[in-house]
Amino acid sequence: MLTAPGWRDVVVLGGAQDPGPTLAGSRVLMGVAGHPTPMPGELLVVLLASDHTDWRIDALISRASAAGAAAVLLAGVEPLGRGAQLLASRLQLPVLGSADPLAAHEYLNRVTAEPDRVRAELVLRAVTELRRVEGELESVLRTTSAVLERPVTLAGSDGGTLAGEPLEAAERPELVAALPAVPVAWAAPYRVDLSSGAVLIAVSVLGAGPACWLVARLPGVVPAEVAAVPAVLTVVAPAVGQRLALRRLELERDARQRTSLLGELLHGERSEATRRRAVDLGWQLDGWHTGIRIGADGQVDAAGRRTDVVEAFDAEGLPAVVVEQGDGWSAWITAAREPTATEVQQQAAAIRRVQRRLVQTVDPYVGVGRVQPGPGGIATSLAEAGDAAGLARGRRETGRFLHVDRLGLAQLLLAWTRTDTFQPAARALLAPIEDQPGDLVGTLAAYLDTESSLAETAAVLGIHRNTVSARITKIQHLLGVDLANSDERLALHLACRTAR
């Protein structure tokens, strides 16, 4: 009950925190001098009890415990006197306080004695409020959350948040494990009891796109609420589905427009009409372009997830054009002048950070093309990025990221490391660090692949930068090398490619 919306102002003043028995209802006394009759499992509500240091509070607690009360609710939230505190703890009787004990009493009686009424009232209120809602999906979710006084989320099949208030990261796996992989519209609501003690109620929503779930989170278990929330979500789900269908139509229409125009550019179309359509979409065809190809393993909703990709680029200060293509996205960044070598490397590092942001929703691999000029440069750089992404897909040791500026060296290293004469030498060179704790060979490989960057190595391996620094220092000591020496660094890079 302490988690229920109608008891938000009720606080525990003393006694047991977890009394055990289920509340069966409540009974009212006007003042502290009253004598309750036997009331096993019930809450004793005392309306005139604002002075919590009165010695009569001690006597009331004793009489309530003798009568079998589950708890006592006093008017006001002032602390108990020391004697009352000790007595309540010894008797294991929770003593509560509320600014409006009569309202708490009425709410408790409704949820214990009239659960059907609670459900009907919530459903009626939801229907009434939904009739007033106009516009976006977010408005429907906010209205539903206000009716239930609980957080409401629209979650994908992977538990990720599509709209509304996000679920706790630790709760997503429990939700996904409890729900069917392919929901159907006529399925009954699902109740998921979380290890934290909270409860998730999920109802399937089918729109024009991938199936998803309308989820409400209840921090505790009040039977009447657990019974009422599914009814409300079932009423709301069609309204959510309708808005999802409308949104999906808009997404797919815009995606077709972008994909069609990109196809024209890739096939060399340079007509005035093509340029005009590009201007309408905000695409800049002149300048210097860096192509990016982002692929994703598994089934991915490229149109639906495009917003995530755009937001990831925006978060890194990269004004990228993003277009849905197949199992991922093609993107490019345009500069008014040719970037310097330093600027190219800084941009590549920022694109790596974009990839790490996307890991929260998809499993991405990324290829980056060289900077190319003019409208034709978009097609050329994207083609290079596509080739790099194909290589990056199977190379987790580089974080599944490849930049064409380094791709020629990567291919040359790969060819050298496959020769019979180099492999024994490579194994001998790395032998001092092979059996050391901390995967020193893997750390060294990642360090050299990321151009000796401690920060990038830490991000690829998912460890702290200081850990990488300590490992590199240990590697140099064990191998007797100086990684600032370009010849020794190249030899070790070749050896690591062989070992991996």
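In this presentation a residue is called buried when its relative accessible area is under 20%, exposed when it is over 50%, and partly exposed in between, using a 1.4 Å probe and protein chains only. The structure is a predicted model, in which local features need pLDDT of at least 70 and side-chain atom pairs count only at pLDDT 80 or more, while totals for chains, interfaces and linings use all residues. Residues are numbered from 1 along each chain as its sequence is written, and side-chain values use heavy atoms, with hydrogens and water left out.

I begin with helix α15, residues 454–461, where Glu456, Thr457 and Ala458 are buried. Helices here are DSSP runs of H or I with at least four residues, strands are runs of E with at least two, and both are numbered from the N terminus. The buried residues of α15 pack against α10 (341–358), α14 (440–449) and α16 (465–479), where contact means heavy atoms within 4.5 Å. Just after α15, Gly462 has a positive phi of about 70°.

Next, the division of the chain. It comprises domain 1 (10–108), domain 2 (133–245), domain 3 (284–416) and domain 4 (421–499); these bounds come from an automatic or database domain assignment. Between domain 1 and domain 2, the C-alpha centres are 36 Å apart.

Five strands make an open sheet of mixed pairing, in the order β1-β5-β4-β3-β2; two strands pair if DSSP finds at least two bridges between them. At its edges stand β1 (11–14) and β2 (26–31), each with a single partner strand, so one side of each lacks a neighbour in the sheet. The twist averages 30° from one strand to the next. Strands β2 and β3 are parallel and share five bridges, and Gly31 stands opposite Leu48 in β3. Helix α3, residues 101–113, packs on this sheet, touching β2, β3, β4 (71–75) and β5 (95–98), and its direction makes about 155° with that of β3. For such angles, axes are lines fitted to C-alpha atoms, for helices over the stretch in contact, and the values run from 0 to 180 degrees between N-to-C directions.

Is Asp54 buried or exposed? Asp54 is buried, because its relative accessible area is 16%.

Strands β12 and β13 run antiparallel, joined by six bridges.

Finally, how many aromatic pairs does the structure hold? There are two, where rings of Phe, Tyr and Trp (its six-membered ring) pair if their centres lie within 6.5 Å, and planes under 30 degrees apart count as stacked, over 60 as edge-to-face and the rest as tilted. The rings of Tyr190 and Trp213 have centres 5.6 Å apart and planes at 85°, so this pair is edge-to-face. Tyr190 is partly exposed at 27% relative accessibility, whereas Trp213 is buried at 3%. The rings of Trp283 and Trp332, with centres 5.1 Å apart and planes at 85°, are likewise edge-to-face. Both Trp283 and Trp332 are buried.
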